[in-house]
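Open the model in your viewer and keep the selection tool at hand. Here is a short tour, one stop at a time.

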Amino acid sequence: MTMRAYLDWNATSPIRHEARAAMTAALELTGNPSSVHGAGRAAKALIEDAREAVASLIGAGANQIVFTSGGSEANALALAGSDRRVLASAIEHDSVLAHAGAERIKVTNEGIVDLDDLEAKLGDKTPTLVSVMLANNETGVIQPLADVIRIARAHGALVHTDAAQAAGRVPVDFLGLGADLMSISAHKLGGPQGVGALVIGERATVAPAIRGGGQERGRRAGTENVAGIAGFGAAATAATVTDWRTVTQLRDDLEQRITGLGAEIFADQATRLPNTTNLRLPGIAAETLVIALDLEGVAVSAGAACSSGKVRPSPVLEAMGVSEEAASEAIRTSLGWTTTAEEIDLFIAALGRIRDRIGQRDMRAAA
Amino acid sequence: MTTQARVANTTEKSDAAPGRNRPTRPIYLDYQATTPMDPRVLETMIPYFTEKFGNPHSRSHTYGWEAEEAVEKARAQVAHIIGADEREVIFTSGATESNNLALKGVAHFYKDRKNHLVTLVTEHKCVLDSMRHLEEEGFQVTYLPVKQDGLVDLAELEAAITDKTVIVSIMAVNNEIGVIQPLAEIGKLCRKKGVFFHTDCAQAVGKIPLDVEAMNIDLMSISGHKIYGPKGIGALYVRRKPRIRLQALITGGGQERGMRSGTLPTPLCVGLGEACEIAEREMPEESKRLTKLRDRFYNAIKAKLPEVYLNGSLEHRIPGNLNLSFAYVEGESLILGINDLSVSSGSACTSASLEPSYVLRALGVDEAMAHTSLRIGFGRFTTEDEVDRAVQDIVEHVTKLREMSPLWEMFQDGVDIKSIQWAAH
């Protein structure tokens, strides 16, 4: 088989074998977790074990975890129906921005949330729920959440953080951080698609969007996705022992080599996730580049997957002050725990060939 | 031998010798709470957990495209079983979400023009809860009673619809008593009156023929795990002509035509699609087989036990359901006694509470009789042997409990229990 390289882990991660095994076992079970008979109680036990595992990964109490159908739903549950003003940063995921007010916290050129701007916007005393992600999906930039929370606290504001890209990749400590609400997604850390969680701290309340049946202590109704939740739990447990040093080395190697090919890396001075690189090859449109890479067997992404069907420059890069032209050339590589040096080699070789081929054609066209 | 045949064989073998490799498990007769996955469904899902793991919304590479193709095939399979166009099917996390989205979504979108909704008192909790929530927001809701057989009174429905009514929500098949509402008549009435018709079909898809065109259905909720598919996936049918508009509950990435954001779980979508295709193909045969099993069960119980009452219409009922009240038996003791059977005393969602079923109460069943009711659900993997053993177990325990009951003794002596003045305490 021709070699392929999957470098789009921020869109979705391959499922971990531990998660797959847990799901296969759960799919063999029949019970509805709300049924009181033995079959139902067995299903319920799987959910509660998974709740412990997920809580443990992110340093929360098990009773603070509400399982949802994914990160988007967790964000909706956290923010929609809040009786406070929702103040989000300009680089949040669409599923956060959809529930936020029009006013946005600015970010710096390096894609880091601007703490002075946050402080200024909180100065008007409006009861506020601040939403700042732990790590950005497009640039991988890790946000100064401890500072955000400190400033928010001083102004009586609550803080929600979308940790979909951070959980399982960098240490996350919900209680230590002092956040009020946190969203996580299973399929970004090696669990299945279709499951996520919202962590709800002591001070926070939510307005349930899906009602009836009383599951998840009334905060999220519907028969639980038992196998998905079991897979989430197993993936969370596996994630606690995943060693990211290899990924970090591969990422550093990748960045060094693409720089050699003339690529420019966005937010390269900021503290980033160990796996994410947002880059451009000046003169080659992102759409052209991702398709050409796919033909070479390399899967990367132009911006976030949710919006990658739409051709528009990334709002994240725009918020960082990147020009429209540069933003239209941005692609994202994201690696994971099974990424190999061979995949990086394949990507670099393909990138080199495409640059030579398309770069020359463009020069001819210009001449 | 094909893989599929091998899987089917394994199932047969384990049916024949349930105790060989593991302790005997209780007989599962709770198919309205949830169903085991069909091994054929699981098999189609597996590749999408592993090598075909792409995000179906990734538009820039093969991984994304193959996932998207699988999702779209599944969408067509779901559409086919209800006679819809695939562009009218959106995936959700389950029927509870579908019901919430249909009712709140329509009510919110059209709130400037209309503010009234109509439903039945016997709907699933998630429909009733959504309605209560809308009432808190200021909407008007009419909760229609049902007749003694559990069916809606069409004349009452017609009278309840006003020019402020935006939507009528009536379930196709009740989760506790299995009765089938007259969907075609309801649909015709709603169309005539110019109101939308939503129907919760979680218990109906794959059990009875459904056709959104012939039945004039505008919105339909569908569940995966009630039809031998996975938990955590469902669908909402939303009519395109004339177009029904919804305000989304989950917004963000803009997936599912903006009506439901979030990364679609490819393997679960594939599982729901395959479950629909199998159900559609096997429904005629399966209905006959289940009717035979159910009649076998019901006839044996009636022959061996007096004073057993069927709740809800038998004629207008799915083949896989019985709901029986055993007079002069204490309900909790019965459930505890028959612990070799996985059955339910009321809907799974409410059975953890000890309140008598609101569905049975709505039929006029008194509190005591509601408390002694069992819901028995038969399904694809139920065998004749399981039915016979279940009958024996129930007969044995009911007989034993009645022997200990002073009420049973009084009844046999000809005392009219209802005439007794109980001491107040």
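Which strands of chain B does helix 8 of chain B lie across? Select the helix and look: it lies across strand 9, strand 10 and strand 12 of chain B. Helix 8 of chain B runs at about 10° to strand 10 of chain B. Keep in mind that this is a predicted model.

**The three-stranded sheet**

Now select those strands. They form an open sheet in the order 9-10-12 of chain B, and the pairing is antiparallel. At the edges are strand 9 (308–310) and strand 12 (373–377) of chain B, each pairing on one side only. Neighbouring strands are turned by 30° against each other on average, direction ignored. Zoom in on strand 10 (residues 321–326) of chain B: five bridges pair it with strand 12 of chain B in the antiparallel sense. Pick B:N321, and you will find B:G377 of strand 12 of chain B opposite.

**The seven-stranded sheet**

Move to the open sheet of chain B with the order 2-8-7-6-5-3-4. Its seven strands show mixed pairing. Strand 2 (89–92) and strand 4 (140–144) of chain B stand at the edges with a single partner strand each, so one side of each has no neighbour in the sheet. From one strand to the next, the twist averages 20°.

Select strand 5 (residues 165–169) and strand 6 (residues 196–200) of chain B next. They run parallel and are joined by three bridges. B:I167 has B:F196 in strand 6 of chain B as its bridge partner.

**The core**

The largest nonpolar core has 242 residues. Among those with the most contacts inside it are A:V54, A:V199 and B:Y237. Helix 8 of chain B gives the most to this core, with 11 residues. Center on B:Y237: its contacts include B:I82, B:V89, B:V212 and B:M220.

**Where the chains meet**

Show both chains. The contact takes 59 residues from chain B and 60 residues from chain A. Color helix 5 of chain B: it gives the most to the side of chain B that touches chain A, with seven residues. That side of chain B divides into 23 nonpolar, 30 polar and six charged residues.

**Last stop: confidence**

Color chain A by pLDDT. The average is 92, and 95% of the residues score at least 70. Finish at residues 304–308 of chain A, where pLDDT stays under 50.

Notes: Residues are numbered from 1 along each chain as its sequence is written. Chains are lettered from A and ligands numbered from 1 in the order in which they are written. This is a predicted model: local features need pLDDT of at least 70, side-chain atom pairs count only at pLDDT 80 or more; totals for chains, interfaces and linings use all residues. Two residues are in contact if their C-beta atoms, placed from the backbone, lie within 7 Å. Helices (H or I, at least four residues) and strands (E, at least two) are DSSP runs, numbered from the N terminus. Ala, Val, Leu, Ile, Met, Phe, Trp, Tyr, Cys and Pro count as nonpolar, Asp, Glu, Lys and Arg as charged, and the others, Gly among them, as polar. A nonpolar core is a set of buried Ala, Val, Leu, Ile, Met, Phe, Trp, Tyr and Cys residues joined through C-beta atoms within 7 Å. A residue is buried if 20 or more other C-beta atoms lie within 10 Å of its own, exposed if 12 or fewer, and partly exposed in between; C-beta atoms are placed from the backbone. pLDDT is the predictor's confidence in each residue, from 0 to 100. Two strands pair if DSSP finds at least two bridges between them. Axes are lines fitted to C-alpha atoms, for helices over the stretch in contact, and angles run from 0 to 180 degrees between N-to-C directions. Lists of a residue's contacts leave out its neighbours within four places in sequence.
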